[in-house]
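I opened a new page for this protein. My plan is to look things up one at a time and write down what I find.

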Amino acid sequence: GHLPLGGWAQYESLKKGIWDKYFPRHVKIMVNEFMERDKATGQTSWFSVTKGSYIHGIIAHLQDETRLYVVTIPAHDKDIHDRWPRIIVNTR
């Protein structure tokens, strides 16, 4: 396909307009929890998403392709993870 490989879109690149050519539509991904893998050990950990909060996603389009990407931000603990899903709170 013609869309970027992977399933992640860095929040910083969205703010810079790098994704504009893919006509991103911002969406809320409803989950109860998500899994991250420790980059050194490979061990997985599950993290809860509180009620009323969502993972920030974008739906990108190009030609006849449409994909969902998880928006990421730098992780607080870079020894374990480089990136982290951006969590947003419902404001409506």
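How many positive and negative side chains does the protein have, and how far apart do the centres of the two sets lie? I looked this up and found 13 positive and 10 negative side chains. The centres of the two sets lie 8 Å apart. I note here that the model is a predicted one.

**Entry: overall layout**

I listed the secondary structure and got 1 helix and 8 strands. Read along the sequence, the order is β-α-β-β-β-β-β-β-β. I then looked up the extent of the C-alpha atoms, and they fill a box of roughly 40 × 35 × 25 Å along the principal axes. The accessible surface is about 6,500 Å², and carbon and sulfur atoms hold 54% of that surface. Of the 92 residues, 32% are buried. I also looked up contacts between residues with a separation of 6 or more, and 62% of these join residues 24 or more positions apart.

**Entry: nonpolar cores**

Which residues make up the largest nonpolar core? I wrote down 9 residues: Leu3, Ala9, Leu14, Trp19, Tyr22, Ile58, Ala60, Tyr69 and Val71. Strand 5 (53-62) and strand 6 are the elements that give two or more residues to this core. A second, separate core has 8 residues, among them Val27, Val49, Ile55 and Ile59.

I picked alanine 9 from the largest core and looked up its contacts, leaving aside neighbours within four places in sequence. Alanine 9 is in contact with Trp19, Ile58, Tyr69, Val70, Val71 and Thr72.

**Entry: glutamate 65**

Is glutamate 65 buried or exposed? Glutamate 65 counts as buried because its relative accessibility is 12%, and the cut-off for buried is under 20%. I found this residue in strand 6, which covers residues 65-74. Not counting residues up to four places away in sequence, glutamate 65 touches Gly1, His2, Leu3 and Ala60. For histidine 2 I noted a distance as well: its backbone nitrogen lies 2.4 Å from a polar atom of the glutamate 65 side chain. Two of the residues on that contact list, Leu3 and Ala60, I had already written down as members of the largest nonpolar core.

**Entry: positive phi angles**

Phenylalanine 23 has a positive phi of about 50 degrees, although it is not a glycine. Phenylalanine 23 sits in the loop between helix 1 (11-15) and strand 2 (25-29). Phenylalanine 23 counts as exposed because its relative accessibility is 59%, and exposed means over 50%.

Glutamine 63 is not a glycine either, and its phi is positive at about 55 degrees. Where is glutamine 63? I found glutamine 63 in the loop between strand 5 and strand 6. Its relative accessible area is 63%, so glutamine 63 is exposed.

**Entry: isoleucine 87**

With a relative accessible area of 35%, isoleucine 87 is partly exposed. Leaving aside neighbours within four places in sequence, isoleucine 87 is in contact with Phe34, Val49, Ser53, Tyr54 and Ile55. Val49 and Ile55 were already on my page as members of the second core. How far apart are isoleucine 87 and threonine 72, C-alpha to C-alpha? I wrote down 8.8 Å in space, for two residues 15 residues apart in sequence.

Note on methods
Residues numbered from 1 in each chain as written. Predicted model: local features only at pLDDT ≥ 70, side-chain atom pairs only at ≥ 80, totals over all residues. Heavy atoms only, no water. Helix = DSSP H or I, 4+ residues; strand = E, 2+ residues; numbered from the N terminus. Buried < 20%, exposed > 50% of the residue type's maximum accessible area, 1.4 Å probe, protein only. Polar contact = N/O pair within 3.5 Å; in protein donor to acceptor, adjacent residues only side chain to side chain. Contact = heavy atoms within 4.5 Å. Core = buried A, V, L, I, M, F, W, Y, C linked by side-chain atoms within 4.5 Å. Areas by Shrake-Rupley, 256 points an atom, 1.4 Å probe, with all protein chains shown as cover. Lys, Arg positive; Asp, Glu negative; His and termini not counted. Charge placed at Lys NZ, Arg CZ, Asp CG, Glu CD.
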